[in-house]
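I opened my notebook to record what I looked up in one structure. The entries follow in the order I made them.

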Amino acid sequence: MSAIPKQEYIEYYRECEEKRYRDFLGSLSDRISFDSDKWICEKRLKNQSQHLSKVTIYFSMVPEKYKEMVKYFALLRLVEGKSVGTVCGDVGNIAIFLRFMADVPLSEIQITTASRFKEYLDGKGYSDSTRSSIWSDVSVFLKRMSDFEKMDLMNPFYNNPYQAKQLVDQKYIPEYVAKQLDRIFMEDDIPVTLRCIYWLLRLIPSRISEILGMKIDCIKPFDGHYCIFIPMWKQNGGHKEPTIHTIHIENKEMGGHLIALILEQQKMAMSYQCYLPEEKKGALFAYRSQILLDDVWHSENRYSVASWTQVSYRLKEICRRYDVRDENGEEYVVTSHQFRHNGVTDRLKAGFTLPQIAEMTAHHGTAMLYASYAHLNLFPETIVEPMKYQTEAENPYVLFGGRILNMDSVIESRLLKNIRAHRVPGGVCADVTHCRSRIWECISCKDFVPEMEQLAYFKEQAADWEAKVEKFRSDKQLADNFAAIAVGFKTIVEKLEGGDWDGKE
């Protein structure tokens, strides 16, 4: 049998690869044409509150000669699990770069291309965050399409000269304003739907899309209190189906007020279901349209599900109607996303740890919380700077991942009052529930300084964990975990006996 010529094989493989990505369009919509300049991905609607514009990708701004390439790039990103909204933003950013390139082929990109593009971006009225996003998307585009198109494209955009994330303190609602809003949204003349959305945002640090995605059956009584179920999309890896986050709330004080609002909204939403189209049914925030005339809300015979646009408009309308102002007397208009910034910052002020807040917000880590949501610089009196270990310090201690070691007795006593705290060799773990190896993650941390007086204990632990390894040989996952813990203790023993640490360094 004769061999297939290499060029024919490459072309055949390329055709199969392109077909596979085109076939993926069927998971986005039954009506998308690859050749269209507008892909409406209705199968990617997250919930009944979303408008089709949120799941539409536009290619009209991409130069004609690059449209096919950009469309394959969009499909690549969608296959990787990126949301339609993210990909739409990527396409818009890449279109800016491709229009900048004009008639220059991508194959002729040089290092000077990046410097010229930076000058171009700096001359536009973009924020640093937007410039950073554009630069990053161009870098990803060149890398992905170099592989996909089997082209050797130079990518001088790997180093991003712009700061990606900045804390914008205007995103935090000042206490002076927050108190006004709290009083206003206790008023009965504001529609129940708006009051319910407000207090969910105010009391639970969530995104507006998550709140609006709640279902009618989102609340259940449980063991003397209530559980509220909120869908989370941002941290679930880009999948269509959300991760359901459970919030436990006591039926008293403000918790009781929120529960009463949800139950009232639930009852109304159930009565409106017969008026809603099939795709809108099941949403908690179904509502009957109301208009404000002469300071009185009047109901109309129109029914829908609350959307982000509608909530934003109503918040702005209420701020103006009630003349909400800041301490300087300036008019203040609140946005739905500001409540998330307040939720994180206020909890840090109250003494919650970042891992505890990550549980509430369903973040997989704490880095973004601190970088983007923690406006503690507005409250310098509450900040306790994480102290780094210094030999000259009178009472040195180490903070890492929420765990504090080798602290003085006052700090130790205060930390141990927390139910999540636990005494570990040489110090206290402030939150054992977030340790990957339970309380033994400490022993492998480079910042952990053991006490020489604990040498006998470390030897005992090394032996005990080695015994557990033998006992659980049939369960490889447990055995490997126990073996790692045993190695950690043995390493400490060897270093203490070898004089590498004296416990006071």
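**Entry 1: a helix**

I listed the buried residues of helix α9 and found Gly255, Gly256, Leu258, Ile259, Leu261, Ile262, Gln265, Gln266, Ala269 and Tyr272. I note here that the model is predicted. The helix covers residues 253–272, which makes 20 residues. From its first C-alpha to its last, α9 reaches 29 Å, close to the 28 Å expected at 1.5 Å a residue. I wrote a reminder beside the list: an α-helix has 3.6 residues a turn, so residues three or four places apart point the same way.

**Entry 2: a sheet**

Next I looked up an open sheet of three strands. I read the strand order as β3-β4-β5, and the pairing is antiparallel. Which strands stand at the edges? They are β3 (219–222) and β5 (243–249); each has a single partner strand, so one side of each has no neighbour in the sheet. As a general point, strands of a sheet pair through backbone hydrogen bonds, either parallel or antiparallel.

I then took the pairs one at a time. β3 and β4 (residues 225–232) run antiparallel and are joined by four bridges. In this pair, Ile219 stands opposite Ile228 of β4. The two strands form a hairpin, with two residues between them. In that turn I found Asp223, with a positive phi of about 50°.

How many bridges join β4 to β5? I counted seven, and these strands too run antiparallel. Here Pro231 stands opposite Ile244 in β5.

I checked how far β4 is covered. Seven of its eight residues are buried, so β4 is largely enclosed by the rest of the structure.

**Entry 3: a cavity**

The largest cavity has a volume of about 40 Å³.

I wrote down its lining: Phe185, Leu194, Ile197, Tyr198, Leu201, Val311, Leu315 and Phe339. Two elements give two or more residues to this lining, namely α7 (192–203) and α10 (308–321). Which of the elements gives the largest share? It is α7, with four residues. By class, I found eight nonpolar residues in the lining, no polar ones and no charged ones.

**Entry 4: one glutamine**

My last entry is on Gln461, which lies in helix α15 (residues 455–471). Is Gln461 buried or exposed? Its relative accessibility is 11%, and the cut-off for buried is under 20%, so Gln461 counts as buried. I also looked up its distance to Ile485, 24 residues apart from Gln461 along the chain. The C-alpha atoms of the two are separated by 9.0 Å.

How values were computed. Residues numbered from 1 in each chain as written. Predicted model: local features only at pLDDT ≥ 70, side-chain atom pairs only at ≥ 80, totals over all residues. Heavy atoms only, no water. Pairing = 2+ DSSP bridges. Buried < 20%, exposed > 50% of the residue type's maximum accessible area, 1.4 Å probe, protein only. 1 Å grid on protein atoms, 1.4 Å probe; cavity = no way out; pocket = protein on both sides within 12 Å on 5 of 7 lines; lining within 4 Å. Points joined across faces, edges and corners; volume = space filled by probe spheres on them. Nonpolar A, V, L, I, M, F, W, Y, C, P; charged D, E, K, R; others polar. Expected span 1.5 Å × (residues − 1).
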